[in-house]
Amino acid sequence: EGIVVQDNSGQVLFGSRNPRQNTQVDNALVSQFAAIEVLANSGTVSFGEATVINAQGNPGGGAGVDIRNNTGLVNFVDMQIDSLGGTAFFGLNNNLIRSQDGQILAQDDTAVDIEESGIDMTLRRVDSTDAPDHGIRLVETNKDQGRRFVVRPTATNTFPSGQGGLITGAKGDGVPNLDAAGILLVNAGRVEIREMTLDDNEYGVLIVNTESYLDGTGNVIDINDGDEQRFFMQYSRIDNSDIRGVDSTDLVNLELEFSTFDNNGDDAAFGWDTIASQFTVALDDIDRVDQYDQADRPFYVRIESNQITSNQHDAIRILSLPGARGASILTEIFSNTITVNDLTDPTNAPADDARPTLDDGFYMDWEGPARVRFDLNQMDMRAIAGQMPFVFDNDSTEDLTEMSIQSNRMDVTNLGVNPGAIAVDIIGGFDIDNPSRFFEVSANTLNVSGATPTGMFFSLQPGTNSRAERAYFN
């Protein structure tokens, strides 16, 4: 062991004063114990700069940094943690872990693994290669005292440079569960990654939350918008994931920008959508609403300015399951370039997919108030038959769907029977004739080949007012 800080009630400072000093542990003797341990302290433990080189071992904990059972603050102003065959940075049952900057590198193991701890962490780079489970793992870190984790290499981002780190080879048993992902987030709070590359992992990013409109005592949860759980990704790449590129369940805010997705879902049996967001709960169950703008806690999905290439199934899929009946959502899909090649179909189709053998650009199946904006996208669909750029269903008889489909180019080059480019099936209220012209179908270019193609198909309630204009059909 290099440094152990345990059972202290006062401040313990390592080079934290001005100017900062570096505290370095170089594991030249190949110790199999943690380089830095911070255990069961009620006072603040702070490092100005911490450097760990060649950390190894300590299974079930951290080889580089191991932080457990602290009721006081554990703080890193800056850090450089390198591990080989052991978790680089580990935290369990802590009040608050904070970092202002740092780099964490793990070879053959997890880079960051934090559970049941408040977090307020900013890092400039995280790398993990060939972990047996996860590159980054954050579980139950959505705490009042801290719920923020950020990987941000530069203040101004311009392109997917990979400067935020590489996570590759995080593999488990190969079936859909929580055992492996490049990034695993379970009630993790608010997570942002920028300029990262996630390549050839079981999942790229896997998010599983347990949201509710009631707390443990049965009272309605009152939460600020800025505290809702969120995943934000910008200027990054997710490629060659076995199952999905991004898979989220009950995430309130999902935002993906200026990123590249290629060949995700490449497992022949379980490979599936590139981006999937599913919901099992409605967060406005006390006061039932039937329009998006009435909702107190709506869901939000924004996918903007990305390049998405899907070879296996849908590029983007959004789904409400029975427990989410009545949930409100705003979906914004802007300025993406989406190519769907339909090279293979998985042998294990999810039971909740109404179109298991058809590979679509955007497929949304909802049952509740929905505001959908699908604008300025370039869609290239290449399949033998049955593939569509835009498919939307709302099975609720009570709720309003507001929709904008504007200024998209949709090329469908199916060779066989082709259902068309746009399919909308709505049982309840529908608005694409808003006086502000905010919701309308207009200025789309649709090039549809194949047998018996249909440009746009709408199934609506009798008497619905709608308008479609300035469309070019070929």
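Good morning. The structure is a predicted model, in which local features need pLDDT of at least 70 and side-chain atom pairs count only at pLDDT 80 or more, while totals for chains, interfaces and linings use all residues. Residues are numbered from 1 along each chain as its sequence is written, and side-chain values use heavy atoms, with hydrogens and water left out.

I begin with Arg-244, which lies in strand β21, residues 244-249. Helices (H or I, at least four residues) and strands (E, at least two) are DSSP runs, numbered from the N terminus. Arg-244 has 9% relative accessibility and therefore counts as buried; buried means under 20% relative accessible area, exposed over 50%, and partly exposed in between, with a 1.4 Å probe and protein chains only.

I turn to the aromatic rings. The whole structure holds 9 aromatic pairs. Rings of Phe, Tyr and Trp (its six-membered ring) pair if their centres lie within 6.5 Å; planes under 30 degrees apart count as stacked, over 60 as edge-to-face, and the rest as tilted. Phe-362 and Phe-374 form a tilted pair, with 5.4 Å between centres and 45° between planes. Phe-362 belongs to strand β30 and Phe-374 to strand β31, so this pair ties together parts 12 residues apart in sequence. Phe-362 also pairs with Phe-390, this time stacked, at 5.2 Å and 25°. Phe-390 is in strand β33, and the two residues are 28 apart. Both Phe-362 and Phe-390 are buried. Elsewhere, Phe-14, Phe-47, Phe-76 and Phe-89 form one aromatic cluster.

Finally, the backbone. Most residues other than glycine have a negative phi. Asn-187, however, has a positive phi of about 45°, and is found in the loop between β15 and β16. Asn-263 has a positive phi of about 60°, in the loop between β23 and β24. Is each asparagine buried or partly exposed? Asn-187 is buried at 7%, whereas Asn-263 is partly exposed at 22%.
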